[in-house]
Amino acid sequence: MTFNEFNKLQKQDAFAQLEQCCVSKAWVNTMVESRPFNSEDALIKKAASIWYNDCTNEDFKEAFTGHPKIGNVESLKQKFAHTAAWAHDEQSKMSEADLETIEALAEANKLYEDRFGYIFIVSASGKSANEMLAIINVRMQHSKEDEIYVAMNEQHKITVIRLAKLIEGLGDNVDLSSHITTHALDTSIGVPASNMVITLKDNHGKPISVGITNNNGRISDVLPPGYFLSPSIYSMTFNTADYYKNNNQKGFYPEVSIQFEVTDDSHYHIPLLINPFGYSTYRGS
């Protein structure tokens, strides 16, 4: 479906299409009523504005019900049949996991749901079961107030991914990059520091996003497209203790926390160069 075709859909048809992206009725209804959009960029910005400014915790929780539990795609096929195919694609790397990891992740999901009252939400595209297990173990330590904010950020990442699938050429015509990105490089062995958990926090220490570096040592989706941090001081905490432990190394710093100041909507890349006994950082591009 083209952007112009989406703008011209009847309300009920537009609702059905957008519900594939997010099942929060408040978000979908406001998006429908906000048409026609004058550009794809305006659509992405409005999608974020509605989510962050107009939706409530109850709307977030409603949106979470549109997802299967990680590793259990079948559970919601009947309830939300129209999202099942996309959810299966988004969790495709689960097939690479061994039984021990699957069982550990299933148990972590149960504990998460018992603690927070909703299923674990993570933008699973490109993430392995081991990576998601590392993320959920960190997020389990959050307070209920903090965790729903992290979860709603993950929900909006998924929403934008699905909008890009829904509207032909959207990803080509709009900058869908994150306001904040990062990468970590292990200079002691000259390779990217993969599978390192990183937490973005505000100036009060409240978590905003939890991610894990990929095989290239990067996290490109720290924040959802269209969402920009307000000018302030933020920090990015790198879990170096577990990174060294998983790589059979002994490091001096159990974590590295980098503070930085956001002043505008330009791209901020926060890299870390790490070795067992030192580290450095700079503003990258």
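Predicted model: local features only at pLDDT ≥ 70, side-chain atom pairs only at ≥ 80, totals over all residues.

**Surface, core and a helix pair**

The protein chain has 285 residues, of which 49% count as buried. Its secondary structure comprises 11 helices and 9 strands. Among contacts with a separation of 6 or more, 66% join residues 24 or more positions apart.

The largest nonpolar core holds 76 residues, and the members that touch the most others are W27, L163 and I180. What does W27 touch, leaving aside residues up to four places away in sequence? The partners of W27 are L18, C21, C22, A47, I50, W51, C55, T159 and L163.

D146 lies in helix 9, which spans residues 144-166. Is D146 buried or exposed? Its relative accessible area is 18%, and the limit for burial is under 20%, so D146 is buried. Beyond four places in sequence, D146 touches K206 and P207.

Finally, the helix pair. The axes of helix 7 (residues 99-116) and helix 8 (residues 129-139) come within 10 Å and cross at roughly 30°. Because angles under 35 degrees count as roughly parallel, helix 7 is roughly parallel to helix 8. Their crossing is left-handed. On the helix 7 side the contacts include L105, Y112 and F116, and on the helix 8 side they include M132, L133 and I136.

Notes:
Residues numbered from 1 in each chain as written. Heavy atoms only, no water. Core = buried A, V, L, I, M, F, W, Y, C linked by side-chain atoms within 4.5 Å. Buried < 20%, exposed > 50% of the residue type's maximum accessible area, 1.4 Å probe, protein only. Contact = heavy atoms within 4.5 Å. Helix = DSSP H or I, 4+ residues; strand = E, 2+ residues; numbered from the N terminus. Axes fitted to C-alpha atoms, helices over the stretch in contact; angles between N-to-C directions. Parallel < 35°, antiparallel > 145°, perpendicular 65-115°, else oblique. Left-handed = near helix turned anticlockwise from the far one by under 90°.
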